[in-house]
Amino acid sequence: MRAFNRVLSLLLGLALLVGGLLVAAEVAAALLDRGELVIPTRRWAEELRATTFADARVVFGVVAAVGLVLFVAEARRWPKQRVPLADDDQQRSWWLLRRSLEQHLGRAVTTGTGATGARARVRPQRRRLRVRLDADVAPTAKPAVEQRAAQVLDQLIGPDRSQIRVRIRRRERVA
């Protein structure tokens, strides 16, 4: 989402800069009695006087809908990008990227247990991590998956700092 924000901000800033420079040039041309440069202001003024609110209702609705969608997308709380690692002196000087931790947990569960596939989702909170593991494994192996995930998190993040929830993706076949 950061890349989207940066591109959107860049485009909006450039549009405002170009529009502002164009308006300033039009005002300067009007003050010097040079006429219209680019913007047909007289024609636009006549059209705006003739346009009623009922005619512009659709445009206002579309602009409001786009603004609402952008507001909701920006107001949504996105998960943190970094997770603090375990340290001895309680200073948060080392961090791990959340996506890397999710991939590492998935690989560790897959290689250390009978799971054929696993996907982890890590959500950092104030003092703990919420981890949801979706594993392709038999329901009887669920404790082994939880134990392997807890072991990996204890090594990386520190003891007693995570809450792990395992969800079984594959259902047992009925013969």
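This briefing walks through the fold, the salt bridges and a charged surface patch of the protein above. The model is predicted, so local features need pLDDT of at least 70 and side-chain atom pairs count only at pLDDT 80 or more, while totals for chains, interfaces and linings use all residues. Residues are numbered from 1 along each chain as its sequence is written, and side-chain values use heavy atoms, with hydrogens and water left out.

**Overall fold**

- The protein has five helices and five strands, where helices (H or I, at least four residues) and strands (E, at least two) are DSSP runs numbered from the N terminus.
- Along the sequence these elements follow the order α-α-α-β-β-α-β-β-α-β.
- Of the contacts (heavy atoms within 4.5 Å) between residues at least 6 apart in sequence, 51% join residues at least 24 apart.

**Surface and burial**

- The protein exposes about 13,600 Å², with carbon and sulfur atoms supplying 58% of it; accessible areas come from the Shrake-Rupley method with a 1.4 Å probe, and for residues only the protein chains shown count as cover.
- Buried residues make up 21% of the 175 residues; buried means under 20% relative accessible area, exposed over 50%, and partly exposed in between (1.4 Å probe, protein chains only).

**Salt bridges**

- The structure holds four salt bridges, each a side-chain nitrogen of Lys or Arg within 4 Å of a carboxyl oxygen of Asp or Glu.
- One of them joins Glu-102 to Arg-98, with the closest N and O atoms 3.0 Å apart.
- Glu-102 and Arg-98 sit four residues apart in helix H4 (residues 98-112), about one turn of the helix, and both are buried.
- Arg-132, Asp-134 and Arg-167 are linked in a network of salt bridges.
- Asp-134 counts as buried because its relative accessibility is 4%, whereas Arg-132 is partly exposed at 24% and Arg-167 is partly exposed at 40%.

**A positive patch**

- Arg-77, Lys-80, Arg-126 and Arg-127 form a positive surface patch.
- Patches are made of residues with over 30% relative accessible area and no salt bridge, with like charges joined within 9 Å and nonpolar side chains (Val, Leu, Ile, Met, Phe, Trp, Tyr) within 5 Å.
- Lys-80 lies in the loop between helix H3 (53-75) and strand S1 (82-84), and is partly exposed with a relative accessible area of 48%.

Methods:
Lys and Arg count as positive and Asp and Glu as negative; His and the chain ends are not counted. The place of a charge is taken as NZ of Lys, CZ of Arg, CG of Asp or CD of Glu.
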